[in-house]
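This report walks through one protein model for a reader meeting it for the first time. Please keep the sequence and the three-dimensional view at hand while reading.

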Amino acid sequence: MPPPMERLIQYVTHHPVLAGAVVIALVVVAVFESRLRSTGHSAISSQDLIRLMNQGALVLDIRKPEEFAAGHVNGAKHLDSEKILSAGDSFKRFKDKPVIVICDSGSLAAAAQRQLTNQGFTKAFTLRGGFSGWRAENLPVAKAA
């Protein structure tokens with residue numbers, strides 16, 4: 001019986017499609033896991049958001065203006081999602097302070113958080129579950145006057 005490495009080489013040469021599919025599957029899993037881990041570190045819980053707000057964090061709500069007016073996290077500032085690209089100029093003094101981005105579910109906020117990080121914000125986060133998660137936890141909601 002040939003050694004295991006020879007058997008592996010023999011298998012790959014006889015079944016290149018299967019071996020290629022295994023390699024592609026491993027790459028896909030590795031990429032998915034790395035993306036999941038990188039976004040997981042930047043998402044914070046509602047309790048962490050409250051703690052950071054008490055320490056002077058900037059909270060940016062990037063939902064539509066009418067959604068923001070209907071209810072938002074108290075102390076949050078509304079920012080159109082298109083303006084996130086120029087946030088580096090608008091919020092220069094917060095580059096080294098915590099900045100939390102909120103959308104409805106958290107998915108749009110993750111892209112905005114990456115943009116802020118690329119612009120030099122060292123402590124940019126998203127709210128895990130977005131504003132929907134905030135509401136699901138029955139936390140206080142402010143309404144625009």
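## Strand pairing

In this predicted model, strand β1, covering residues 43-44, runs parallel to strand β5, covering residues 124-127, and the two are joined by two bridges. Within that pairing, A43 has T126 as its bridge partner in β5.

Strand β5 is also paired with strand β4, which spans residues 99-102; this pairing is again in the parallel sense and rests on three bridges. Here I100 finds its bridge partner in F125 of β5.

## Nonpolar cores

The largest nonpolar core of the model holds 16 residues, and the members that touch the most others are L79, F91, V99, L116 and F121. Two or more residues of this core come from each of β2 (58-61), β4 and α6, and α6 is the element that gives the most, with three residues.

One of the residues with the most contacts to other core members, L116, can be followed in more detail. When its neighbours within four places in sequence are set aside, L116 is in contact with I84, A87, V99, V101, F121 and A124. Apart from this core there is a second, separate one of 14 residues, which includes I44, F68, L127 and L139.

## The setting of R135

Helix α7, which runs over residues 130-136, contains R135.

Once residues up to four places away in sequence are left out of the count, R135 touches A70, G71 and V141. As for I50, it lies 85 residues from R135 along the chain, and the C-alpha atoms of these two residues are separated by 14 Å.

## Aromatic rings and charges

How many aromatic pairs does the model contain by the rule applied here? The count comes to zero.

Charged side chains do, however, sit over aromatic rings in the model, and two such cases can be described. R63 lies over the face of F131, at a distance of 4.0 Å from the ring centre. In the other case, the charged end of K97 is placed over the ring of F94, 5.8 Å from the centre of that ring.

How values were computed
Residues numbered from 1 in each chain as written. Predicted model: local features only at pLDDT ≥ 70, side-chain atom pairs only at ≥ 80, totals over all residues. Heavy atoms only, no water. Pairing = 2+ DSSP bridges. Helix = DSSP H or I, 4+ residues; strand = E, 2+ residues; numbered from the N terminus. Core = buried A, V, L, I, M, F, W, Y, C linked by side-chain atoms within 4.5 Å. Buried < 20%, exposed > 50% of the residue type's maximum accessible area, 1.4 Å probe, protein only. Contact = heavy atoms within 4.5 Å. Phe/Tyr/Trp six-rings, centres within 6.5 Å; stacked < 30°, edge-to-face > 60°. Lys NZ or Arg CZ within 6 Å of the ring centre and 35° of its normal.
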